[in-house]
Amino acid sequence: MIHQEKLIKLNQILGEMENVVVAFSGGVDSTFLLKAALDCLGPQHVLAVTADSETYPSSELMEAKRIAEELGARHQVIETSELSIPGYSENTKNRCYFCKKNLFEHLVPIMKEQGYQNIVFGLIADDLSEHRPGTLAAKEMGVRGPLQEALLLKEEIRELSRERGLSTWNKPSFACLSSRIAYGEPITLEKLSKVDQSEQFLRGLGIRQVRVRTHGDIARIEVEGKDMPILLERYKEVAQTIQGYGYTYVTLDLFGYQSGSMNKVLNN
């Protein structure tokens with residue numbers, strides 16, 4: 001199968017690196033990358049680092065800690081603050097560049113102090129067709145994306161993760177909370193908090209893949225088509241609860257969940 005050929009390529013790439021610091025979020029891609037690095041290089045040559053910040057929900061941090069322990073990986077959690085990065089809170093189309101550059105600037109000293117030679121992150125082949133300004137920061141900082149270099153696609157990574165018994169194989173896609181806020185609107189703790197609370201509430205209804213896109217005082221809910229009946233059946237409860245988190249209007253996007261839907265305005 002073609003993804004097995006890509007897996008051989010991935011192992012070749014990692015093997016040539018000899019040791020790596022993995023930027024680890026606990027998502028599908030970075031978890032598979034961490035597992036691949038551990039299997040290829042051995043635990044003594046791999047360090048997973050997770051950045052805890054305002055845009056990273058505490059539930060995701062707990063999950064990252066659990067996964068790293070489950071895999072037997074050395075794991076370090078560092079504190080970062082995207083809102084303190086010049087140019088980030090203004091929320092321009094290049095917001096992710098500032099975020100990734102700041103992350104990598106935190107990882108480089110760790111890499112050097114602990115005797116590692118490489119930093120890797122969960123860039124995948126699919127990402128090259130999307131708006132990903134963070135890849136420029138990676139290139140500038142010499143950070144590599146082995147999954148992308150091996151041309152691995154998301155669905156292949158999920159299948160390979162399932163074969164290896166990784167609990168993340170069918171985990172819903174996740175992006176930082178800032179990605180929910182419309183470009184041009186300043187990012188604030190208050191906005192991040194109401195997004196986080198709203199999405200936690202909706203997941204509590206049994207909805208796995210959800211985004212609460214924020215356009216001023218409007219919450220635009222994205223879920224998969226199969227989950228829309230849940231919202232429609234409980235529309236009053238959903239509207240009142242999310243309104244209580246600070247929104248004036250609560251809407252359901254009939255196009256459903258779309259990764260990177262905020263980027264549509266960049267093509268206009």
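1. Contact here means heavy atoms within 4.5 Å. The model is predicted.

2. Start with α4 and α5. Helix α4 spans residues 95–113 and helix α5 spans residues 134–141. Their axes lie 7 Å apart, at an angle of about 30 degrees. Angles under 35 degrees count as roughly parallel, so α4 and α5 are roughly parallel to each other. Their crossing is right-handed.

3. Which residues of α4 meet α5? On the α4 side they are Cys96, Tyr97, Lys100, Lys101, Phe104, Glu105 and Val108. On the α5 side, Gly134, Leu136, Ala137, Ala138, Glu140 and Met141 take part. By class, this contact has 8 nonpolar, 1 polar and 4 charged residues.

4. Now the pair α8 and α10. Helix α8 covers residues 189–203, and helix α10 covers residues 235–244. The two axes come within 10 Å and cross at roughly 155 degrees. Angles over 145 degrees count as roughly antiparallel, which makes α8 roughly antiparallel to α10. The crossing of α8 and α10 is right-handed.

5. From α8, the contact uses Ser198, Phe201 and Leu202. From α10, it uses Glu237, Val238, Thr241 and Ile242. The class count for α8 with α10 is 4 nonpolar, 2 polar and 1 charged.

6. Next, the second largest pocket. Its volume is about 280 Å³. How many residues line the second largest pocket? The lining has 13 residues. Those nearest the pocket centre are Ser59, Glu60, Lys171, Pro172 and Arg203.

7. Which elements each supply at least two residues of that lining? They are α3 (58–71), α8 and β5 (210–215). Helix α3 gives the most, with 3 residues.

8. What is the class make-up of the lining of the second largest pocket? There are 6 charged, 4 polar and 3 nonpolar residues. For reference beside it, the α4 with α5 contact has 8 nonpolar, 1 polar and 4 charged residues.

Notes: Residues numbered from 1 in each chain as written. Predicted model: local features only at pLDDT ≥ 70, side-chain atom pairs only at ≥ 80, totals over all residues. Heavy atoms only, no water. Axes fitted to C-alpha atoms, helices over the stretch in contact; angles between N-to-C directions. Helix = DSSP H or I, 4+ residues; strand = E, 2+ residues; numbered from the N terminus. Parallel < 35°, antiparallel > 145°, perpendicular 65-115°, else oblique. Left-handed = near helix turned anticlockwise from the far one by under 90°. Nonpolar A, V, L, I, M, F, W, Y, C, P; charged D, E, K, R; others polar. 1 Å grid on protein atoms, 1.4 Å probe; cavity = no way out; pocket = protein on both sides within 12 Å on 5 of 7 lines; lining within 4 Å. Points joined across faces, edges and corners; volume = space filled by probe spheres on them.
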